[in-house]
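Trainee: I would like to learn how to read a structure like this one. Could you take me through it step by step?

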Amino acid sequence: MPCSIELTRVSQSFSNADSIITLFENLDLSVQQGQSYAITGPSGAGKSSLLMLLSGLEQPTIGKGNVVTGDHIASLDSIRSEIGFIFQQFHLLPELTALNNVALPLKLRGDKNAINKAQLWLDKVGLGDRAMHKPAQLSGGEQQRVAIARALVFSPKFIFADEPTGNLDQHNATEIADILFECCQQNNAGLIIVTHSHELASKAKHIYGLANGKLTNTSVTTEAHVPENSFENISRDTNQALASTAQKKQVLPC
Amino acid sequence: MLNLTIPLAWHYVWQEFRQPHQLLLRWVQAVLMVFIVTLSLASNTIQTYLEGNLQNLLGADAVLTQKANLTKEQITVLAGHSENVVKTSQIDATLTFNTKWQRTKLKAVGRDYPLQGQLLTSTSVLASNDNLAEVTHGGPKLGNIWLDSRLFASLSAVMGDVINVGEHRFVVSRLLVHEPDRLMEGHNVAMRAIINIEDMEKLAFAADLIQYRYLVSGTKSQINQLMQWQKQSLPAAKIHHKQGAHPLALFWQRTENFLGLASIILFFMAAIAIEQLAQLHLKKEQFFSAICMSLGASKVTGLQLSILKWFFNILLLIPVVVVISGICHWLVVNWLSTTFPAISWQLEAGLMAKTITTSVLLFAVFHTPVWLTLWQTSVPKLFQQNRKSISLGLVKLCALVVLVLVAFKYSDNGLLTLMLVGSIFITILLLVAISWAALTFGEKATQRFSGLIPFSLFMMKQRLLSKSTQILGIGLSTFLLLFTLMLLRDLGDTMVSYQRTHDGNVMISQADQQQMNAIKEWSMQHGIDLRQTKPYLYAKAVKINDQALDDFSQKPSDSLATLSRSIRLHWSQTVPDNNRVVQGKWWSKDTDKWQQISLEEEVMTDLGLTLGDTLTFIINQQSFTFTIAASHVYQPGAGSITFWVQMPATAVKHINAPHYNMASLEMDDDQWPLLGQMWRQYPTIRMVSLGELTKQFDNILAMITKVISGFAVMIIFLAVTVILSSINAFENKEKKKNCVIMSFGFLKKTCWQLNVIEWLITAFIIAIGAIAGTYITGMLIYQSQFSLVYQPNVTVLCLTLVVILSTVTLLGVYASRHSLKSSVKQLMADV
């Protein structure tokens, strides 16, 4: 049963020397599994802090966050092991190959098929042939693809992405965004993106703006800006890789 | 250009002053500099002190010593080469008084003694202080004896008492306070007594047991002529002169060399710590240079800034080092004043500056990789922070070569140095092999299992290269620490167990044939167990491969120093039970080729001799040349009496020289008073009881304990610094790893557990490597260098394993606590 994360009347503030700075107050937000969300806003508005509250990694100063599954309400701690992150700086471990980077969360969970599953995910993001390369040997776009595969390989219910295309050029940014949205949708994972990019934000089903401590729902798209044939907007190579993987595996949800 | 970079570098030094890696680097460099400077200052003070004493207290311009009386012709020549000559003689004898006895250096002098300097004596036992002593001209009257204060106390004698030397009686008439020619006799702590030279003749000791000493005064050219004459005509004699180093100076030089070797170990440790810190330092310097270069600065400016920052950091350390090492030097001098009376502390700025400069240059070598990488790099490379470079490995190798060269320069014992350096290399190889094997097989074996241990093994295997650097650093430090501590413990244990394992509790080191027969009879008569007897004769090496011993090597060597005195030459038809031939072939029974010898392996190595080389000995004033046919080593289990040089039994009939014996006796407590009898009858028997042996051992042990304890403290300190340095070097990586793991939905607790497991595995590899390294080093060094049998105790080894495991893990986990203070938010902020 799909679940949702709900923040109810949360406020976040922190003390700085002799003053208290409030990022936002009395904020309500609900994110559903399987849906995509974009949070935009100026730097310092508290977007990353909001992401931390949603993921349960930080506690709000006031208010609370819950996980709601049907009628069952639990604390955010209960969903801790079912969330994944994607960062602007990719944060792959430099000593590990792409394959081992992707296998990392599975290995930690004691999955005996970690390597096979990691290879499948690298195929999905179009990097099947770069499995044995280390991060330093990959371009920024390729590193972010590995990061996406790593975040999704353990099938989390929610993915939190902090400026996932912030370090990439326009072409790579578009590709990565498409892969990210597609994979999350097919995996039925909720995707919450913090970004300055309106183009990236526009791909999300729900777009929120955070400014001056207020969260506003700026638009709700009826359908995410993901084309029906999700492989079309992906680069040819990636497309081919994904397509071939899909064909080989018959049905291969992202 | 520099007027811009200097203020900038100074500014950045203060900016980075409190950064952990800079703090650690300063610690390592300061500790090492304090150690090296203190060592140099202390040794220089001692050398200066000894030199001063040499000039003022030699009692002669030269002293000619030999085992036989000079002939009339020789005395005439000697007189021709000098202004004045005074003859003295000396023998080791046992004085007896009531039921007490004491081994003594008995000197005989005439009315013409001393030649130079002041002979100080006193009529009161209480006036042993130099200030209360009287200047005396001429030795004791016939029938009188003067004793030194320790001998008075040891025999419980008072003025006027009559004591025995053999069957002769002497009246104690004065207290001997100072003999001016004593330093020329070498450094010994034997108790002393003086009698009249005519009394010595009456005592009728065997001539070859007496050491004849001719004190000579003369001009420099006369002394030089004398030395020439001695070389040609009296090769077996020994000459000490004011121009040459005296025996104590040589003794101290060897001690200094040992300490030098110890400091090499500390340098190794510091090098490891600096190398670990350099990893982080290099990245920071690269980043800083990149920023500078991106802002239009040249590569040279970046390099200049880096060098200047390093130099300023060292410069800031120097005042601290000067003050602390000055205090340490003062403390050491105070401590040494019990051994070297009137030694005084003084500031030695020149030497201090020289030593600090040398240390700074050595640190610069360790730091070269950082600068070389900056020099070779370009802006894109700097931004990539790719520190891999061939030159880096080359420079590391250079630093290692510098260390090894310094080690060899300092050491006077090539074999020991080679073994120690070899052991370090073996340990490095062991640690690398164990790391690789443990992580590879560990990871493979646990692939099918789930859990944090397989994951840790997987991660460590993936990061094998960086992990090995950490393991090597800490492992090598642990090995050096373990070896030092084990040596200390085993030396102590050996001293304690000596009583139990030694074959006999009385050791006879010299008894002539008549005395030996008397001992045999006496032991049979009283039911005393005579354990072993081995014959020998005295031989003094004068040439090696036809080259004079003095010219053979300029390097101070233990073996050469011993060979230049009279050594005991043993003969045996077969290989003694407590020896093993390691090279060459032992002679057959009744061989006709009697001019061959077997030489102890360590001596061979130390002197660089090979089979077929020749040694020329003076034996009873005759010269004999022997060829080295074999080399032997000591093997335990069949008695402890062993000899450096052995010849075939058939050689004895060709050599006309007095024979002596070494033997060991086992005596019961109630048989001890019987020794007095024996000594009264034969005062020149050299016998030492276990009580005296253990007392000597205790004194040596106390000194060794102090030196090694101080050394161990330094090593512990540096070992901890190495651990902290390596953790500091990896902190950012660890932090990132923990953040990434938390981003997969894991809790901080999981990171902590992983950290503990990783440190446990690291500690396990380190412990196994360090213990195995120590075991190999023990096997290599113990027997040959310390005459100890290395018998590792399983319980102690297990205990050591547990201690290393827990200490390294606890220290590692504690020190890496900062890397656990991480959160996913930091990864978001890390833009």
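This is a predicted model: local features need pLDDT of at least 70, side-chain atom pairs count only at pLDDT 80 or more; totals for chains, interfaces and linings use all residues.

Trainee: How many helices and strands does chain B have?

Mentor: Helices (H or I, at least four residues) and strands (E, at least two) are DSSP runs, numbered from the N terminus. Chain B has 24 helices and 22 strands.

Trainee: And what share of chain B is buried?

Mentor: Buried means under 20% relative accessible area, exposed over 50%, and partly exposed in between (1.4 Å probe, protein chains only). By that rule, 55% of the 831 residues of chain B are buried. Contact means heavy atoms within 4.5 Å, and among contacts in chain B between residues at least 6 apart in sequence, 83% join residues at least 24 apart.

Trainee: How do I read the interface? What area do chain B and chain A bury between them?

Mentor: The size of an interface is often given as the accessible area lost when the parts come together. Buried area here is the accessible area (1.4 Å probe) that two parts lose on being put together, summed over both. Chain B and chain A bury about 2800 Å² between them, with 67% of it on carbon and sulfur atoms. In chain B, the residues that lose the most area to chain A are Phe744(B), Lys825(B) and Met828(B), together 25% of what that side buries. The contact involves 29 residues from chain B and 31 residues from chain A.

Trainee: Which polar links cross it, and how many?

Mentor: A polar contact is a pair of N or O atoms within 3.5 Å; within protein, one must be able to donate a hydrogen and the other to accept it, and residues adjacent in sequence count only if both atoms are side-chain atoms. Between chain B and chain A, 5 residue pairs are in polar contact (both at pLDDT 80 or more). On the side of chain B that touches chain A, helix H13 (452-462), helix H20 (690-743) and helix H24 (824-829) each give two or more residues. H20(B) supplies the largest share of that side, 7 residues.

Trainee: How should I think about salt bridges?

Mentor: Side chains of opposite charge can pair when their charged atoms come close. The rule asks for a side-chain nitrogen of Lys or Arg within 4 Å of a carboxyl oxygen of Asp or Glu. The whole structure has 13 salt bridges over all chains, yet the rule finds 0 across the interface of chain B and chain A.

Trainee: Where do the partners Glu16(B) and Lys309(B) lie?

Mentor: Their side chains meet in a salt bridge (3.1 Å, N to O). Glu16(B) is in the loop between helix H1 (2-15) and helix H2 (20-57) of chain B and Lys309(B) is in helix H8 (residues 299-336) of chain B, so the pair ties together parts that are 293 residues apart in sequence. Glu16(B) is buried at 12% relative accessible area, and Lys309(B) is buried at 2%. In chain A, Arg145(A) and Glu175(A) form a salt bridge as well (2.6 Å, N to O), and both are buried.

Trainee: Why does Val109(B) count as buried?

Mentor: Val109(B) counts as buried because its relative accessibility is 0%. This residue sits in strand E3 (residues 100-109) of chain B. Beyond its neighbours within four places in sequence, Val109(B) has contacts that include Thr88(B), Gly139(B) and Ile195(B).

Trainee: Is Asn212(A) buried or exposed?

Mentor: Asn212(A) is exposed, with 79% relative accessibility. It lies in the loop between strand E9 (206-211) and strand E10 (214-220) of chain A. Asn212(A) also has a positive phi of about 55° although it is not a glycine. For another backbone feature, look at the peptide bond from Tyr113(B) to Pro114(B), which is cis, with omega near 0°.

Note on methods
Residues are numbered from 1 along each chain as its sequence is written. Chains are lettered from A and ligands numbered from 1 in the order in which they are written. Side-chain values use heavy atoms; hydrogens and water are left out.
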